[in-house]
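Visitor: Hi, I have a chain open on my screen and would like a quick tour. Can we look at it together?
Guide: Happy to, let's bring it up.
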Amino acid sequence: GAETKRVDPPKPKPPLDLRPTHFSVTEIETLRRDPYAIYAKKILGLEPLPDLIREADARERGNLFHKILERFVDERLEAPGAHEDLLAIGREEFAKAALPAETQALWWRRFERTATGFLEIEAKRAEFIDRSFIEVTSDKLLVDGTTILLSGRADRIDILKDGTAAIIDYKTGSSSSASQAKILLAPQLPLEAALLLRGAFKETGTLQASELAYERLLPSGEVKWEAVANDGGKLERAAGLSELAWEKLAHILRHYNDPQSTYQSQVLPAKARMGGEFDHLARVLEWSSGSDDEEADGS
């Protein structure tokens, strides 16, 4: 009879590995607080629903103020004309923003007060600073004991005259308090310090951070310096906190790199009222306030 040719069955394809391979430092807080949001964004590839009506909001105001202050520091404008120079940059950036007239009037009054407070802090710190780097982006760095890369973008890194660095994050909202950063629930600054120590920020070179701080731009216009860690006084040393953050990050990433680990919703919500961008997909309202059946039964 005719000779038959043996055909091997097709080899099964390996399952797709949908686990994240890269995180930014800002995503680590989300991974701790609301792992489901990371699952939706980085594994399912989803984006939050856009607002139906665009209104100038706190985030836009924060971005505008950030841009003005960063331009001022980057151009190294100093006394005696610092105040007028800062206001001039503010006028330029406000004009670019093309805000509604009533919003511009309200925000400009607030910015004038912010400018005064910001310059007072700049004057106090000037003698300790050699140079400043604004909006510095790090390379992606492999986290110890994992296959996952981490990167960061620092609002500001000041190289101090003693050869160490201060990492500063401008905040216009109430999120990420110093106390949360100290317990590594909001680990952005300590992780940026860990990246800095490992040479991930090419512009600055390899440096040890001696100071981590928020510069908080309050609604009143007051500017508050909120230290997270430093190498003097009663605060925890910045270097120690950054290394602890790096170790804990490796532990967390190993946990979520296990295919058996689940991405739960709102594990540690930032506020009593949950409001994550993907809460509707996680059905947060249903499981947090009782089912429809319970409501129908009156229970």
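Guide: Let's start where two helices touch: in α3, Glu60, Arg61, Leu64, Phe65, Ile68, Leu69, Phe72 and Val73 meet Trp107, Arg110, Phe111, Thr114, Phe118, Leu119 and Glu122 of α5. Keep in mind that this is a predicted model.
Visitor: How many nonpolar, polar and charged residues are in the contact of α3 with α5?
Guide: That contact has 10 nonpolar residues, 1 polar and 4 charged.
Visitor: And at what angle do the axes of those two cross?
Guide: Roughly 40°, with the axes of α3 (residues 58-74) and α5 (residues 101-125) coming within 12 Å. An angle like that makes α3 oblique to α5.
Visitor: Is that crossing left-handed or right-handed?
Guide: α3 passes α5 in a right-handed crossing.
Visitor: What about α3 and α4, how do they pack?
Guide: Helix α4 covers residues 82-97, and its axis lies 9 Å from that of α3, at an angle of about 140°. So α3 is oblique to α4. The crossing of α3 and α4 is right-handed.
Visitor: Which residues of α3 meet α4?
Guide: Leu64, Phe65, Lys67, Ile68, Leu69, Arg71 and Phe72. Their partners in α4 include Leu86, Ile89, Glu93 and Phe94. By class, the α3 and α4 contact divides into 10 nonpolar, 1 polar and 6 charged residues.
Visitor: Switching topic, where does Thr172 lie?
Guide: In the loop between β6 (165-171) and α6 (178-182).
Visitor: Buried or exposed, and why?
Guide: Thr172 counts as buried because its relative accessibility is 19%, and the cut-off for buried is under 20%.
Visitor: What does Thr172 touch?
Guide: Leaving out residues up to four places away in sequence, Thr172 touches Ala58, Gly62, His66, Arg110 and Leu217.
Visitor: Let's zoom out. How many helices and strands are in the chain?
Guide: The chain has 11 helices and 8 strands. Of its 299 residues, 44% count as buried.
Visitor: One last thing: of the contacts between residues at least 6 apart in sequence, what share join residues at least 24 apart?
Guide: For this chain, 66% of them do.

Definitions and conventions. Residues are numbered from 1 along each chain as its sequence is written. This is a predicted model: local features need pLDDT of at least 70, side-chain atom pairs count only at pLDDT 80 or more; totals for chains, interfaces and linings use all residues. Side-chain values use heavy atoms; hydrogens and water are left out. Axes are lines fitted to C-alpha atoms, for helices over the stretch in contact, and angles run from 0 to 180 degrees between N-to-C directions. Helices (H or I, at least four residues) and strands (E, at least two) are DSSP runs, numbered from the N terminus. Angles under 35 degrees count as roughly parallel, over 145 as roughly antiparallel, 65 to 115 as roughly perpendicular and the rest as oblique. A crossing is left-handed if the near helix is turned anticlockwise from the far one by less than a right angle, and right-handed if clockwise. Contact means heavy atoms within 4.5 Å. Ala, Val, Leu, Ile, Met, Phe, Trp, Tyr, Cys and Pro count as nonpolar, Asp, Glu, Lys and Arg as charged, and the others, Gly among them, as polar. Buried means under 20% relative accessible area, exposed over 50%, partly exposed in between (1.4 Å probe, protein chains only).
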